[in-house]
2 protein chains.
Amino acid sequence: MENFIMYNPTKLHFGRGVMDGLGKVVAEYGKRVLLVYGGGSIKKNGIYDKAIQQLKSINAKVFEYHGIKPNPIIEDVDAAAELGRKNKVDLILAVGGGSVIDSAKIISITIPVNHTGWDFYSGKAKPKSSIPLVSVLTLAATGTEMNPFAVVQNKATQQKLGYGSDLTYNRHSFLDPENTFSVSRDYTAYGIADLIAHSLEAYFGAGEATLSDKLVFAIINEAKENGNLLLNDLVNYDLRAKIMYAATMALNQTTMYGRVSGDWGVHSIGHILSLLYDVAHGASLSIVIPAWMKFHKEKISARIAFLGQNVFGVKTADETIHAFEAYFKSIECPIRLSDIATGKESKAEILKVMNLNKVGGANHKLTNEDHAKILDLFW
Amino acid sequence: MENFIMYNPTKLHFGRGVMDGLGKVVAEYGKRVLLVYGGGSIKKNGIYDKAIQQLKSINAKVFEYHGIKPNPIIEDVDAAAELGRKNKVDLILAVGGGSVIDSAKIISITIPVNHTGWDFYSGKAKPKSSIPLVSVLTLAATGTEMNPFAVVQNKATQQKLGYGSDLTYNRHSFLDPENTFSVSRDYTAYGIADLIAHSLEAYFGAGEATLSDKLVFAIINEAKENGNLLLNDLVNYDLRAKIMYAATMALNQTTMYGRVSGDWGVHSIGHILSLLYDVAHGASLSIVIPAWMKFHKEKISARIAFLGQNVFGVKTADETIHAFEAYFKSIECPIRLSDIATGKESKAEILKVMNLNKVGGANHKLTNEDHAKILDLFW
């Protein structure tokens, strides 16, 4: 087992009605608030009103930046940072899913500096401070509510990258499962695929960590047992709560302790599909996971089979891959690229961007030749 | 699922050689250090020397309090607090197992006040501040390294009670599995029984929390798979590390999120045996667990059976209880009180103290009549 430090600075408030405590928490950091959100769905489902009510209760001065895209772009980060900087905000309140909270993390370290947020991704700059960030999560999927990671894309450089530091954690995250009631059936399913993918990135990471393996199985099994039930009962509080909690646990570091690292090869490939065809993040992962496993099957067949034994009760690597495909299909997530985005005519374009981004995992690295082989398995 | 706040302020440093960073962490809090430890085993195994070396490297002024007993007593807490108070210490460094760290937690809130540490247990006083506490753990068992709980006994009132508040967390805990190499075979086994018991207190607590159940199974299975191996190979780093990490996870709140509460009936009974006969904590639990399950068998047979299915692959409640007994025997933990402490002639005495302490769980409460029935199952 590898050495590790177990610590997470985020205070997570989970459950029905937790937003009632939002104003008090915001007030701890100040009254000048940069409110960041997405396309406006929070105005339809009442979450915006609840947030505003909480901010009014503490007489906060609110500066709004909205329009963060589902696949968030660096231009929004820079524009929101400019708004926050100009108005000398005390904190950021992000209300939304992964794209909004990820963007807000980079906004929080961009406000104190005089350069674009992308400089953190490119390695040109390192953050020295951050504006406190408080979040209200509206989508169970990415785990961003309790980790430092932020994925943003840059169309100009054809990159979609992850970044995180000790400065990019939420101070507080508010998770009311009722706030996910209005998430559509397909995005609910993509969230489930995403949390399963996060668990798998830990499982296929480097280093032996047997308790971590068991925690991964626990989380995937929880998602599997409740995922289909939820898709048939989208306003069931308890099922929403179970999936929301599982998504947090899948990427709040719990599954990583004792490992050298996670892999993240599947994610780095998935990001390319989102970048090129605006595929929803979770949908990109349910396509890449089977292909990635098929490609690695010979090299790590026992490892894949052990996963299948503990999640699906099957025996072999082939059966495991088949079971994952069947499960993703059962929750109506795509398992082939042709299902949702594009046909084989796009192969050359995808391969070019895969090569450019040097996609691959920390544990299972991939060459350009490997890219081509994995790509073949997308259709 | 119940509402919860997920947050743990302890920073846990886990792995080989982590004590190399101890001096730097201590220095963050000051140079006047109250060093608390037990009967002196840390002087034989070199851990004392390592700690002193780290303290010297930062020119710390050290005040030593040693002699904390395996079943810690309030008199030591008060005497150590007096030493710390008199010398205006900046922080406490606790080096030892559960008894030392638990005592240090109460010392940390007793130093700033003018009354005995027991006043926190009796409810007479509430802590308002605490002296920062840094710990080096030398025994994998109680989970005290990453939770707020502290169990101390009071012979005068014939009580052994637990206490905890937001002020009684370690700021930092240092866990080097090598620091447990010299723990004897029997105490290693008692630590395994303890961590299993903690997992069960969560499992038998109030409220449905399905992911928590799975996390409990993960932790117990990890202990079970590695426990026997470790007892035959006491200086195996990886096995020591696995048990040490499992013990932390069994009681750092991870298994409690989403539940109304844990039960803690088994622990409250076990404490009586330690109080009266100085039975090692883990050994008291391996005696109480089977008796407790037998007593509750009719009422919660499905729950007990579900546990057995997921931990031992058995089907019924009876088989589950039998499997736990067999497992504890396999690691040479006692399963009957006559195995280690006392015969049936002590029944009246034990019953009196059980009644006096009103032992029972938060979920499964126990009457005086229940006490007598459970007691009958100890032999």
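Two strands are said to pair if DSSP finds at least two bridges between them, and the strands themselves (E, at least two residues), like the helices (H or I, at least four residues), are DSSP runs numbered from the N terminus. The model in your viewer is predicted, so that local features need pLDDT of at least 70 and side-chain atom pairs count only at pLDDT 80 or more, while totals for chains, interfaces and linings use all residues. Residues are numbered from 1 along each chain as its sequence is written, and chains are lettered from A in the order in which they are written.

Begin by selecting strand β1 of chain A, residues 4-14, together with β1(B): the two run antiparallel and are joined by 7 bridges. Within this pair, pick out A:Phe4, which stands opposite B:Phe14 in β1(B).

Next, select the whole contact, in which residues count if their C-beta atoms, placed from the backbone, lie within 7 Å; chain B gives 28 residues and chain A gives 28 residues. On the side of chain B that touches chain A, β1 (4-14), α8 (210-231) and α9 (237-250) each supply at least two residues, and the largest share, 8 residues, comes from β1(B). Colour that side by residue type, and it divides into 15 nonpolar, 6 polar and 7 charged residues, where Ala, Val, Leu, Ile, Met, Phe, Trp, Tyr, Cys and Pro count as nonpolar, Asp, Glu, Lys and Arg as charged, and the others, Gly among them, as polar. Because 100% of the interface residues of chain B are also interface residues in chain A, the copies meet through the same surface.

How values were computed:
Two residues are in contact if their C-beta atoms, placed from the backbone, lie within 7 Å.
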